[in-house]
Amino acid sequence: MNLLSRLMDLIYPPRCGVCHAFLREDGVNHEGREMDLCGPCFSSFVEAASPLCPFCGRPFGSGGGEDHACEDCLAARPSFDIARAPYIYEGLLMTAIHELKYARKTHLARSLGPLLASYAARWLGNPADKLLVMPVPLHPRKLRQRGFNQSLLLARHVASRLEADLDYLSLRRTRFTQPQTRLTSDERKKNVRRAFGVVEPTGLKGRAVLLIDDVATTGSTLNECARVLKKAGVKEVYGLVLARTATH
Ligand SMILES: [Zn+2]
Ligand SMILES: [Zn+2]
């Protein structure tokens with residue numbers, strides 16, 4: 001730590017991005033990487049643990065048992081190869097993601113981004129092919145309203161941690177869609193159908209893409225992005241979201 005950042009820490013002592021508690025020695029230090037997250041907040045996040053669907057990563061909640069394909073993946077395998085989420089969308093993490101998106105607390109990406117990045121490093125540490133990291137895009141109208149894409153804020157941390165390329169231009173949201181939150185599973189699928197397009201497919205042929213989003217419920221957004229990317233010649237698509245709902 002250099003003198004200037006020591007001085008800044010004295011003037012503005014680092015705080016937890018989620019609960020605003022001052023971070024002293026208990027700032028979570030994940031594999032040597034500091035994040036603006038206190039111990040109590042970090043340990044309140046609920047991991048999306050087994051049993052889960054090996055394809056889409058949907059956790060089945062408590063009750064134990066082995067990993068097994070979920071109903072959706074049994075009916076039709078998704079267009080992505082594998083999707084995972086480190087956490088369940090609930091509690092303090094749900095509040096934090098909500099504030100990041102809707103209360104414009106973009107500083108929260110400094111807490112949540114490294115969290116997602118360190119999971120990505122454990123999951124995809126040594127991929128056979130160099131990954132291309134892509135955030136799920138927002139429609140330009142939504143981007144103007146919000147002022148930022150929260151998935152891109154997260155994807156930057158992931159790309160830099162994996163030393164992967166970041167591409168936030170090739171995949172576009174071409175159709176303005178209703179928010180997915182109030183829709184049923186079937187409505188979600190219809191809603192995102194033909195909502196995405198690829199701008200310059202030439203650079204994507206044969207690549208392995210890691211799609212990043214903040215939250216997934218049914219996985220239909222990741223699935224639709226993956227379908228479009230594979231059509232454009234992408235070889236493998238992995239999906240990674242920070243949190244996903246356990247049931248739908
Ligand atoms: Zn905290
Ligand atoms: Zn599944």
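## Counting the salt bridges

A salt bridge here is a side-chain nitrogen of Lys or Arg within 4 Å of a carboxyl oxygen of Asp or Glu. By that rule, the count comes to 8 salt bridges. Keep in mind that this is a predicted model.

## Two links across the chain

Start with arginine 110 and aspartate 36, which form a salt bridge with their closest N and O atoms 3.2 Å apart. Arginine 110 sits in helix α5 (residues 109-124) and aspartate 36 in the loop between β2 (33-34) and α2 (39-44), so the pair ties together parts that are 74 residues apart in sequence. Arginine 110 is partly exposed at 48% relative accessibility, and aspartate 36 is partly exposed at 24%.

Next up is aspartate 165 with arginine 207, a salt bridge whose closest N and O atoms are 3.5 Å apart. This pair also links distant parts of the chain: aspartate 165 is in strand β6, while arginine 207 is in the loop between β8 (196-198) and β9 (208-216), 42 residues apart. Aspartate 165 counts as partly exposed at 32% relative accessibility, and arginine 207 is partly exposed too, at 22%.

## A pair within one helix

Arginine 227 and glutamate 224 meet in a salt bridge at 2.8 Å, N to O. Both lie in helix α9 (residues 220-231), 3 residues apart, or about one turn of the helix. Arginine 227 is partly exposed at 26% relative accessibility, whereas glutamate 224 is buried at 5%. Salt bridges with shared partners join Arg193, Glu224 and Arg227 into one network.

What the side chain of aspartate 167 does reach is the backbone nitrogen of leucine 169, at 3.0 Å. Leaving out residues up to four places away in sequence, aspartate 167 touches Leu132, Val133, Met134, Pro135 and Leu204.

## A nonpolar patch on the surface

Away from the charges, Leu4, Leu7, Met8, Leu10, Ile11 and Tyr12 make a nonpolar surface patch of about 690 Å². One of them, leucine 4, is in helix α1 (residues 3-11) and is exposed, with a relative accessible area of 58%.

Definitions and conventions
Residues are numbered from 1 along each chain as its sequence is written. Chains are lettered from A and ligands numbered from 1 in the order in which they are written. This is a predicted model: local features need pLDDT of at least 70, side-chain atom pairs count only at pLDDT 80 or more; totals for chains, interfaces and linings use all residues. Side-chain values use heavy atoms; hydrogens and water are left out. Patches are made of residues with over 30% relative accessible area and no salt bridge: like charges are joined within 9 Å, nonpolar side chains (Val, Leu, Ile, Met, Phe, Trp, Tyr) within 5 Å. Accessible areas come from the Shrake-Rupley method with a 1.4 Å probe; for residues, only the protein chains shown count as cover. Helices (H or I, at least four residues) and strands (E, at least two) are DSSP runs, numbered from the N terminus. Buried means under 20% relative accessible area, exposed over 50%, partly exposed in between (1.4 Å probe, protein chains only). A polar contact is a pair of N or O atoms within 3.5 Å; within protein, one must be able to donate a hydrogen and the other to accept it, and residues adjacent in sequence count only if both atoms are side-chain atoms. Contact means heavy atoms within 4.5 Å.
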